[in-house]
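This briefing looks at one protein model.

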Amino acid sequence: MTRTDRQRWLLPSDLAEHGGSGARPRRTARDWVVDTSLFLLAAFVGLIAADTSAEYTSDTVTLLDQLAGAAACGALWLRRRWPVGLAVALALLNVVAPVAAGALLASLFSVAVRRPFREVAWIGALAVATSAVQAFVRPDPTTNVAVSLALGSVLILLVTAWGMLVRSRRRLVEALRERARRAEAEAELRAAQAQRLAREAIAREMHDVLAHRLTLLSVHAGALEFRPDAPPEQIARAAGVIRDSAHEALQDLREIIGVLRAPGENGDGDRPQPTLATLDALIAESREAGADVVLDTTVDDPAAVPASTGRTVYRIAQEGLTNARKHAPGTTVTVTVRGRPGEGLTVDVRNPAPAGPVPHVPGSGQGLIGLTERATLAGGRLDHGADPDGGFALHAWLPWPA
(Lines give C-alpha, C1' and ligand atoms only; values in the text may rest on other atoms or scores of the structure.)
Protein backbone atom coordinates (compact mmCIF):
# COMPACT_ATOMS: atom_id res chain seq x y z
CA MET A 1 0.00 0.00 0.00
CA THR A 2 1.80 3.10 -1.21
CA ARG A 3 1.42 6.53 0.34
CA THR A 4 2.60 9.91 -0.80
CA ASP A 5 5.03 11.88 1.34
CA ARG A 6 2.21 14.19 2.34
CA GLN A 7 0.34 11.25 3.85
CA ARG A 8 3.39 9.55 5.36
CA TRP A 9 4.44 12.39 7.63
CA LEU A 10 1.12 12.16 9.47
CA LEU A 11 1.89 8.57 10.55
CA PRO A 12 4.18 7.29 13.28
CA SER A 13 7.36 5.67 12.05
CA ASP A 14 6.12 2.20 13.05
CA LEU A 15 3.30 2.46 10.48
CA ALA A 16 4.91 4.69 7.86
CA GLU A 17 7.88 2.41 7.08
CA HIS A 18 8.17 -1.35 6.73
CA GLY A 19 11.80 -2.17 6.21
CA GLY A 20 12.60 -5.80 5.53
CA SER A 21 16.20 -5.52 6.81
CA GLY A 22 15.19 -5.11 10.45
CA ALA A 23 16.64 -1.58 10.64
CA ARG A 24 15.14 0.87 13.12
CA PRO A 25 12.60 3.09 11.33
CA ARG A 26 13.49 6.76 11.00
CA ARG A 27 11.42 9.41 12.72
CA THR A 28 8.71 10.99 10.66
CA ALA A 29 7.64 14.62 10.98
CA ARG A 30 4.86 13.51 13.30
CA ASP A 31 7.40 11.72 15.54
CA TRP A 32 9.49 14.87 15.80
CA VAL A 33 6.43 16.90 16.81
CA VAL A 34 5.40 14.31 19.43
CA ASP A 35 8.94 13.94 20.84
CA THR A 36 9.39 17.69 21.09
CA SER A 37 6.02 18.12 22.77
CA LEU A 38 6.76 15.41 25.34
CA PHE A 39 10.19 16.94 26.03
CA LEU A 40 8.69 20.37 26.62
CA LEU A 41 5.88 18.94 28.77
CA ALA A 42 8.33 16.95 30.91
CA ALA A 43 10.55 20.03 31.26
CA PHE A 44 7.53 22.12 32.33
CA VAL A 45 6.52 19.56 34.98
CA GLY A 46 10.15 19.34 36.16
CA LEU A 47 10.40 23.14 36.51
CA ILE A 48 7.22 23.21 38.61
CA ALA A 49 8.56 20.43 40.83
CA ALA A 50 11.98 22.09 41.12
CA ASP A 51 10.41 25.45 42.01
CA THR A 52 8.28 23.80 44.70
CA SER A 53 11.15 21.81 46.25
CA ALA A 54 13.48 24.84 46.21
CA GLU A 55 11.39 26.47 48.92
CA TYR A 56 12.26 23.85 51.53
CA THR A 57 15.61 22.36 50.35
CA SER A 58 19.16 23.62 50.29
CA ASP A 59 20.82 25.19 47.30
CA THR A 60 22.95 22.10 46.73
CA VAL A 61 19.94 19.79 46.65
CA THR A 62 18.12 22.24 44.37
CA LEU A 63 21.09 22.27 41.97
CA LEU A 64 21.25 18.49 41.96
CA ASP A 65 17.50 18.32 41.32
CA GLN A 66 17.85 20.66 38.37
CA LEU A 67 20.71 18.63 36.91
CA ALA A 68 18.77 15.39 37.39
CA GLY A 69 15.68 16.91 35.81
CA ALA A 70 17.66 18.17 32.80
CA ALA A 71 19.26 14.76 32.34
CA ALA A 72 15.87 13.01 32.62
CA CYS A 73 14.27 15.31 30.05
CA GLY A 74 17.22 14.97 27.68
CA ALA A 75 17.08 11.18 28.00
CA LEU A 76 13.56 11.23 26.57
CA TRP A 77 15.07 11.53 23.08
CA LEU A 78 16.27 7.92 23.57
CA ARG A 79 12.86 6.55 24.54
CA ARG A 80 12.21 5.07 21.07
CA ARG A 81 15.47 3.12 21.10
CA TRP A 82 15.53 1.92 24.73
CA PRO A 83 12.03 2.40 26.15
CA VAL A 84 12.24 -0.26 28.90
CA GLY A 85 15.70 0.63 30.19
CA LEU A 86 14.89 4.35 30.20
CA ALA A 87 11.62 3.79 32.09
CA VAL A 88 13.34 1.70 34.76
CA ALA A 89 16.14 4.25 35.19
CA LEU A 90 13.71 7.17 35.48
CA ALA A 91 11.53 5.23 37.94
CA LEU A 92 14.55 4.73 40.21
CA LEU A 93 15.65 8.35 39.75
CA ASN A 94 12.15 9.53 40.67
CA VAL A 95 12.67 8.20 44.23
CA VAL A 96 15.21 10.93 45.04
CA ALA A 97 14.41 13.51 42.34
CA PRO A 98 10.76 14.59 42.04
CA VAL A 99 11.72 16.74 39.04
CA ALA A 100 11.98 13.51 36.97
CA ALA A 101 8.23 12.79 37.36
CA GLY A 102 7.27 14.33 34.00
CA ALA A 103 10.01 12.42 32.16
CA LEU A 104 8.92 9.21 33.94
CA LEU A 105 5.32 9.61 32.72
CA ALA A 106 6.50 10.21 29.15
CA SER A 107 8.71 7.10 29.24
CA LEU A 108 5.87 5.01 30.67
CA PHE A 109 3.70 6.12 27.75
CA SER A 110 6.38 4.95 25.30
CA VAL A 111 6.67 1.56 27.02
CA ALA A 112 2.89 1.08 26.88
CA VAL A 113 2.87 1.92 23.17
CA ARG A 114 5.77 -0.35 22.17
CA ARG A 115 5.82 -3.28 24.58
CA PRO A 116 3.37 -6.10 25.39
CA PHE A 117 1.19 -6.02 28.48
CA ARG A 118 3.47 -8.25 30.57
CA GLU A 119 6.37 -5.80 30.40
CA VAL A 120 4.07 -2.80 30.80
CA ALA A 121 2.54 -4.32 33.93
CA TRP A 122 5.75 -4.83 35.88
CA ILE A 123 7.26 -1.52 34.79
CA GLY A 124 4.05 0.28 35.79
CA ALA A 125 4.11 -1.52 39.15
CA LEU A 126 7.72 -0.41 39.62
CA ALA A 127 6.77 3.17 38.83
CA VAL A 128 3.90 3.07 41.35
CA ALA A 129 6.24 1.62 44.00
CA THR A 130 8.96 4.22 43.46
CA SER A 131 6.34 6.98 43.50
CA ALA A 132 5.12 5.71 46.86
CA VAL A 133 8.67 5.58 48.21
CA GLN A 134 9.29 9.13 46.99
CA ALA A 135 6.31 10.33 49.01
CA PHE A 136 8.25 9.33 52.15
CA VAL A 137 11.85 10.04 51.01
CA ARG A 138 11.12 13.46 49.46
CA PRO A 139 7.73 14.45 50.89
CA ASP A 140 5.98 17.62 49.77
CA PRO A 141 5.19 19.72 52.87
CA THR A 142 2.25 21.38 51.09
CA THR A 143 0.52 18.08 50.23
CA ASN A 144 -0.77 15.22 52.36
CA VAL A 145 1.10 11.93 51.96
CA ALA A 146 -2.10 10.04 51.11
CA VAL A 147 -2.96 12.60 48.47
CA SER A 148 0.54 12.32 47.00
CA LEU A 149 0.28 8.53 46.87
CA ALA A 150 -3.15 8.61 45.22
CA LEU A 151 -2.20 11.34 42.75
CA GLY A 152 0.98 9.54 41.65
CA SER A 153 -0.77 6.20 41.22
CA VAL A 154 -3.64 7.72 39.23
CA LEU A 155 -1.33 9.60 36.88
CA ILE A 156 0.76 6.49 36.22
CA LEU A 157 -2.32 4.37 35.55
CA LEU A 158 -3.86 6.98 33.22
CA VAL A 159 -0.69 7.39 31.17
CA THR A 160 -0.20 3.63 30.95
CA ALA A 161 -3.79 3.04 29.87
CA TRP A 162 -3.53 5.78 27.26
CA GLY A 163 -0.37 4.20 25.82
CA MET A 164 -1.99 0.76 25.70
CA LEU A 165 -4.97 2.23 23.86
CA VAL A 166 -2.65 3.78 21.29
CA ARG A 167 -0.84 0.45 20.89
CA SER A 168 -4.14 -1.40 20.33
CA ARG A 169 -5.20 1.10 17.69
CA ARG A 170 -1.90 0.82 15.85
CA ARG A 171 -2.08 -2.97 15.86
CA LEU A 172 -5.61 -2.76 14.47
CA VAL A 173 -4.50 -0.41 11.69
CA GLU A 174 -1.58 -2.69 10.87
CA ALA A 175 -3.87 -5.74 10.78
CA LEU A 176 -6.23 -3.94 8.41
CA ARG A 177 -3.35 -2.92 6.17
CA GLU A 178 -2.04 -6.49 6.09
CA ARG A 179 -5.51 -7.77 5.26
CA ALA A 180 -5.76 -5.24 2.43
CA ARG A 181 -2.36 -6.34 1.08
CA ARG A 182 -3.43 -9.99 1.18
CA ALA A 183 -6.70 -9.13 -0.55
CA GLU A 184 -4.82 -7.31 -3.32
CA ALA A 185 -2.42 -10.23 -3.72
CA GLU A 186 -5.29 -12.71 -3.86
CA ALA A 187 -7.11 -10.55 -6.41
CA GLU A 188 -3.99 -10.44 -8.60
CA LEU A 189 -3.61 -14.21 -8.23
CA ARG A 190 -7.24 -14.80 -9.20
CA ALA A 191 -6.86 -12.48 -12.19
CA ALA A 192 -3.71 -14.31 -13.31
CA GLN A 193 -5.44 -17.67 -12.90
CA ALA A 194 -8.46 -16.49 -14.86
CA GLN A 195 -6.16 -15.25 -17.62
CA ARG A 196 -4.34 -18.58 -17.66
CA LEU A 197 -7.63 -20.50 -17.91
CA ALA A 198 -8.78 -18.21 -20.70
CA ARG A 199 -5.55 -18.78 -22.61
CA GLU A 200 -5.89 -22.54 -22.15
CA ALA A 201 -9.44 -22.36 -23.51
CA ILE A 202 -8.19 -20.35 -26.48
CA ALA A 203 -5.43 -22.90 -27.07
CA ARG A 204 -7.97 -25.75 -27.08
CA GLU A 205 -10.17 -23.77 -29.44
CA MET A 206 -7.19 -23.14 -31.72
CA HIS A 207 -6.36 -26.85 -31.81
CA ASP A 208 -9.93 -27.85 -32.60
CA VAL A 209 -10.26 -25.32 -35.40
CA LEU A 210 -6.84 -25.48 -37.02
CA ALA A 211 -6.58 -29.27 -36.87
CA HIS A 212 -9.72 -29.49 -38.98
CA ARG A 213 -8.49 -26.91 -41.49
CA LEU A 214 -4.99 -28.34 -41.77
CA THR A 215 -6.19 -31.89 -42.31
CA LEU A 216 -8.26 -30.63 -45.23
CA LEU A 217 -5.13 -29.01 -46.60
CA SER A 218 -3.15 -32.21 -46.08
CA VAL A 219 -5.74 -34.44 -47.78
CA HIS A 220 -6.07 -32.31 -50.89
CA ALA A 221 -2.36 -31.55 -51.11
CA GLY A 222 -1.71 -35.30 -50.93
CA ALA A 223 -4.23 -35.90 -53.67
CA LEU A 224 -2.50 -33.38 -55.90
CA GLU A 225 0.87 -34.97 -55.14
CA PHE A 226 -0.10 -38.57 -55.86
CA ARG A 227 -2.43 -37.87 -58.77
CA PRO A 228 -0.77 -35.29 -60.96
CA ASP A 229 -2.69 -36.70 -63.94
CA ALA A 230 -6.11 -36.04 -62.38
CA PRO A 231 -8.69 -34.22 -64.51
CA PRO A 232 -8.41 -30.45 -64.46
CA GLU A 233 -11.79 -30.14 -62.74
CA GLN A 234 -10.63 -32.21 -59.76
CA ILE A 235 -7.35 -30.31 -59.56
CA ALA A 236 -9.22 -27.00 -59.63
CA ARG A 237 -11.66 -28.17 -56.97
CA ALA A 238 -8.81 -29.42 -54.73
CA ALA A 239 -6.94 -26.15 -55.19
CA GLY A 240 -10.08 -24.24 -54.30
CA VAL A 241 -10.55 -26.25 -51.12
CA ILE A 242 -6.90 -25.68 -50.20
CA ARG A 243 -7.27 -21.96 -50.82
CA ASP A 244 -10.51 -21.71 -48.80
CA SER A 245 -9.12 -23.80 -45.92
CA ALA A 246 -5.95 -21.72 -45.77
CA HIS A 247 -8.04 -18.55 -45.79
CA GLU A 248 -10.28 -19.85 -42.99
CA ALA A 249 -7.24 -20.93 -40.95
CA LEU A 250 -5.71 -17.46 -41.29
CA GLN A 251 -8.99 -15.88 -40.21
CA ASP A 252 -9.14 -18.11 -37.15
CA LEU A 253 -5.55 -17.26 -36.27
CA ARG A 254 -6.27 -13.55 -36.59
CA GLU A 255 -9.26 -13.84 -34.25
CA ILE A 256 -7.29 -15.79 -31.66
CA ILE A 257 -4.35 -13.39 -31.79
CA GLY A 258 -6.79 -10.49 -31.44
CA VAL A 259 -8.23 -12.03 -28.29
CA LEU A 260 -4.76 -12.57 -26.84
CA ARG A 261 -3.79 -8.96 -27.55
CA ALA A 262 -6.96 -7.45 -26.11
CA PRO A 263 -8.56 -9.87 -23.62
CA GLY A 264 -12.25 -9.30 -23.10
CA GLU A 265 -12.72 -7.05 -26.14
CA ASN A 266 -14.75 -8.21 -29.13
CA GLY A 267 -14.72 -6.22 -32.29
CA ASP A 268 -17.76 -5.62 -34.44
CA GLY A 269 -16.27 -7.70 -37.22
CA ASP A 270 -15.83 -10.90 -35.22
CA ARG A 271 -17.48 -13.92 -36.79
CA PRO A 272 -20.16 -15.72 -34.76
CA GLN A 273 -19.10 -18.78 -32.79
CA PRO A 274 -20.22 -22.16 -34.13
CA THR A 275 -23.30 -23.80 -32.60
CA LEU A 276 -25.39 -26.88 -33.25
CA ALA A 277 -27.20 -24.94 -36.00
CA THR A 278 -23.93 -24.74 -37.96
CA LEU A 279 -23.24 -28.50 -37.74
CA ASP A 280 -24.78 -29.00 -41.20
CA ALA A 281 -22.26 -26.56 -42.68
CA LEU A 282 -19.40 -28.55 -41.08
CA ILE A 283 -20.71 -31.80 -42.56
CA ALA A 284 -21.12 -30.16 -45.97
CA GLU A 285 -17.57 -28.82 -45.83
CA SER A 286 -16.22 -32.28 -45.07
CA ARG A 287 -18.23 -33.79 -47.90
CA GLU A 288 -16.87 -31.20 -50.32
CA ALA A 289 -13.39 -32.27 -49.24
CA GLY A 290 -14.19 -35.81 -50.36
CA ALA A 291 -15.14 -37.38 -47.01
CA ASP A 292 -18.08 -39.76 -46.72
CA VAL A 293 -20.07 -38.41 -43.78
CA VAL A 294 -23.51 -39.46 -42.59
CA LEU A 295 -25.36 -37.10 -40.21
CA ASP A 296 -28.18 -38.56 -38.14
CA THR A 297 -29.88 -36.11 -35.79
CA THR A 298 -33.22 -36.01 -33.99
CA VAL A 299 -32.90 -32.41 -32.75
CA ASP A 300 -35.68 -30.59 -34.59
CA ASP A 301 -34.71 -27.08 -33.47
CA PRO A 302 -30.90 -26.75 -33.14
CA ALA A 303 -31.27 -23.06 -32.27
CA ALA A 304 -33.07 -24.06 -29.04
CA VAL A 305 -29.93 -25.75 -27.72
CA PRO A 306 -27.88 -23.49 -25.39
CA ALA A 307 -25.06 -21.81 -27.29
CA SER A 308 -22.28 -23.25 -25.09
CA THR A 309 -23.67 -26.79 -25.39
CA GLY A 310 -24.14 -26.46 -29.14
CA ARG A 311 -20.59 -25.17 -29.50
CA THR A 312 -19.26 -28.17 -27.59
CA VAL A 313 -21.25 -30.56 -29.82
CA TYR A 314 -19.83 -28.81 -32.88
CA ARG A 315 -16.26 -29.15 -31.60
CA ILE A 316 -16.75 -32.85 -30.75
CA ALA A 317 -18.04 -33.55 -34.24
CA GLN A 318 -15.24 -31.48 -35.76
CA GLU A 319 -12.58 -33.36 -33.82
CA GLY A 320 -14.16 -36.71 -34.72
CA LEU A 321 -14.12 -35.84 -38.42
CA THR A 322 -10.54 -34.62 -38.15
CA ASN A 323 -9.40 -37.82 -36.45
CA ALA A 324 -11.20 -39.97 -39.04
CA ARG A 325 -9.58 -38.00 -41.86
CA LYS A 326 -6.13 -38.45 -40.29
CA HIS A 327 -6.32 -42.06 -39.07
CA ALA A 328 -8.99 -43.68 -41.25
CA PRO A 329 -9.09 -41.87 -44.61
CA GLY A 330 -11.64 -43.11 -47.08
CA THR A 331 -13.98 -44.60 -44.48
CA THR A 332 -17.58 -43.62 -43.80
CA VAL A 333 -17.99 -41.47 -40.71
CA THR A 334 -21.32 -41.46 -38.91
CA VAL A 335 -22.26 -38.49 -36.72
CA THR A 336 -25.28 -39.10 -34.50
CA VAL A 337 -26.92 -36.43 -32.34
CA ARG A 338 -29.77 -37.32 -29.98
CA GLY A 339 -31.49 -35.51 -27.14
CA ARG A 340 -34.15 -33.19 -25.87
CA PRO A 341 -34.55 -30.64 -23.08
CA GLY A 342 -34.31 -32.15 -19.61
CA GLU A 343 -32.54 -35.32 -20.79
CA GLY A 344 -29.38 -33.89 -22.33
CA LEU A 345 -27.62 -34.34 -25.65
CA THR A 346 -25.66 -37.37 -26.78
CA VAL A 347 -23.11 -37.17 -29.59
CA ASP A 348 -21.57 -40.18 -31.30
CA VAL A 349 -18.91 -40.06 -33.99
CA ARG A 350 -17.93 -43.47 -35.39
CA ASN A 351 -15.76 -44.70 -38.21
CA PRO A 352 -14.68 -48.23 -39.22
CA ALA A 353 -11.11 -49.41 -39.44
CA PRO A 354 -9.10 -48.15 -42.45
CA ALA A 355 -8.65 -50.47 -45.40
CA GLY A 356 -4.87 -50.32 -45.32
CA PRO A 357 -1.93 -49.02 -43.27
CA VAL A 358 -2.05 -45.34 -42.34
CA PRO A 359 1.11 -43.31 -41.59
CA HIS A 360 1.47 -41.96 -38.06
CA VAL A 361 0.38 -38.36 -37.59
CA PRO A 362 2.38 -36.32 -35.02
CA GLY A 363 0.51 -34.71 -32.15
CA SER A 364 -2.25 -37.31 -32.08
CA GLY A 365 -4.36 -37.48 -28.93
CA GLN A 366 -4.06 -33.85 -27.86
CA GLY A 367 -7.45 -32.95 -29.31
CA LEU A 368 -9.17 -35.76 -27.37
CA ILE A 369 -7.67 -34.49 -24.14
CA GLY A 370 -8.97 -31.01 -24.86
CA LEU A 371 -12.41 -32.37 -25.76
CA THR A 372 -12.59 -34.32 -22.50
CA GLU A 373 -11.78 -31.19 -20.52
CA ARG A 374 -14.30 -29.17 -22.55
CA ALA A 375 -17.07 -31.71 -21.92
CA THR A 376 -16.25 -31.87 -18.19
CA LEU A 377 -16.35 -28.08 -17.89
CA ALA A 378 -19.73 -28.08 -19.62
CA GLY A 379 -21.06 -30.50 -16.97
CA GLY A 380 -20.97 -33.59 -19.20
CA ARG A 381 -18.65 -36.45 -20.01
CA LEU A 382 -16.81 -37.86 -23.01
CA ASP A 383 -15.57 -41.39 -23.76
CA HIS A 384 -13.48 -42.54 -26.69
CA GLY A 385 -11.79 -45.70 -27.78
CA ALA A 386 -11.50 -48.44 -30.37
CA ASP A 387 -14.47 -50.59 -31.40
CA PRO A 388 -14.25 -54.40 -31.41
CA ASP A 389 -14.22 -54.34 -35.24
CA GLY A 390 -11.16 -52.08 -35.28
CA GLY A 391 -12.94 -48.80 -35.77
CA PHE A 392 -12.98 -45.79 -33.48
CA ALA A 393 -15.83 -44.12 -31.61
CA LEU A 394 -16.40 -40.89 -29.72
CA HIS A 395 -19.33 -40.76 -27.32
CA ALA A 396 -20.28 -37.67 -25.31
CA TRP A 397 -23.19 -36.63 -23.13
CA LEU A 398 -23.90 -32.97 -22.41
CA PRO A 399 -26.60 -31.42 -20.20
CA TRP A 400 -29.59 -29.70 -21.83
CA PRO A 401 -31.71 -28.04 -19.13
CA ALA A 402 -35.48 -28.31 -19.44
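The notes below are grouped by topic. The model is predicted.

**Helix 10**
- Helix 10 spans residues 279-288, and its buried residues are Leu 279, Leu 282, Ile 283 and Ser 286.
- These buried residues line one face of helix 10, because they fall within an arc of 95° when seen down the helix axis.
- Asp 280 and Glu 288 are exposed on the other side of helix 10.
- Gly 290, which follows helix 10, has a positive phi near 100°.

**Nonpolar cores**
- The largest nonpolar core has 27 residues, of which Val 335 and Val 337 touch the most other members.
- At least two residues of this core come from each of helix 10, helix 11 (307-327), strand 2 (332-340), strand 3 (344-351), helix 12 (366-377) and strand 5 (392-398).
- The most is given by helix 11, with six residues.
- Leaving aside residues up to four places away in sequence, the contacts of Val 335 include Ile 283, Val 293, Val 294, Leu 295, Ala 317, Leu 321 and Val 349, and also Asp 296 and Asp 348.
- Another core, of 25 residues, lies apart from this one; among its members are Ala 75, Leu 76, Leu 86 and Ala 103.

**Strand pairing**
- Strand 5 pairs with strand 3 in the antiparallel sense over seven bridges, and Leu 345 stands opposite Leu 398 in strand 5.
- Strand 5 also pairs with strand 4 (residues 381-386), in the antiparallel sense over six bridges; here Gly 385 stands opposite Ala 393.
- Five residues separate strand 4 and strand 5, which form a hairpin.
- In the turn of this hairpin, Gly 390 has a positive phi of about 100°.

Conventions: Residues numbered from 1 in each chain as written. Predicted model: local features only at pLDDT ≥ 70, side-chain atom pairs only at ≥ 80, totals over all residues. Heavy atoms only, no water. Buried < 20%, exposed > 50% of the residue type's maximum accessible area, 1.4 Å probe, protein only. Helix = DSSP H or I, 4+ residues; strand = E, 2+ residues; numbered from the N terminus. Arc of directions from axis to C-beta. Core = buried A, V, L, I, M, F, W, Y, C linked by side-chain atoms within 4.5 Å. Contact = heavy atoms within 4.5 Å. Pairing = 2+ DSSP bridges.
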